[in-house]
Amino acid sequence: MDHPLWTALPADVRRTVDEHLAVRRHVHAIKAIREASPEPVPGIRECNDLIADRMTELGLLPNGPTPVPGPPAVGATSRTTP
């Protein structure tokens, strides 16, 4: 992928971002990008643009393949609507 922000990230962080995106954890992906980015730290909009590009490259767009869901979040409960 030829995005300056993406290429500035270390390989292990790029792998972590891909793992987060595969299970739709966009906020975690943004956090990983921002924490590993050189100064000046990119804004959320720039991170979202990068994520959109990366998801396209990985085939993870809303109409693309459905990822395997991860384990439920700690303390998560299911709600039912009457």
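**View 1. K31, partly exposed at 48% relative accessibility, in a predicted model.** K31 pairs with E35 in a salt bridge whose closest N and O atoms are 2.9 Å apart. Both residues belong to helix α3, where four residues, about one turn of the helix, separate K31 from E35. E35 counts as exposed, with a relative accessibility of 58%.

**View 2. The salt bridge between R54 and D18.** The closest N and O atoms of this pair lie 2.8 Å apart. R54 is buried because its relative accessible area, 9%, falls under the 20% cut-off.

**View 3. The salt bridge between E57 and R54.** The N to O distance between the two side chains is 2.8 Å. E57 and R54 both lie in helix α4, three residues apart, about one turn of the helix. E57 is partly exposed, its relative accessible area being 46%. Through salt bridges that share partners, D18, R54 and E57 are joined into one network. The model has three salt bridges by the rule applied here.

**View 4. S37 in the loop between α3 (26-36) and α4 (44-58).** S37 counts as buried, at 9% relative accessibility. A polar atom of the S37 side chain lies 2.5 Å from the backbone oxygen of I33. Leaving aside residues up to four places away in sequence, S37 touches L5, L9 and P42.

Note on methods. Residues numbered from 1 in each chain as written. Predicted model: local features only at pLDDT ≥ 70, side-chain atom pairs only at ≥ 80, totals over all residues. Heavy atoms only, no water. Helix = DSSP H or I, 4+ residues; strand = E, 2+ residues; numbered from the N terminus. Buried < 20%, exposed > 50% of the residue type's maximum accessible area, 1.4 Å probe, protein only. Polar contact = N/O pair within 3.5 Å; in protein donor to acceptor, adjacent residues only side chain to side chain. Contact = heavy atoms within 4.5 Å. Salt bridge = Lys/Arg side-chain N within 4 Å of Asp/Glu carboxyl O.
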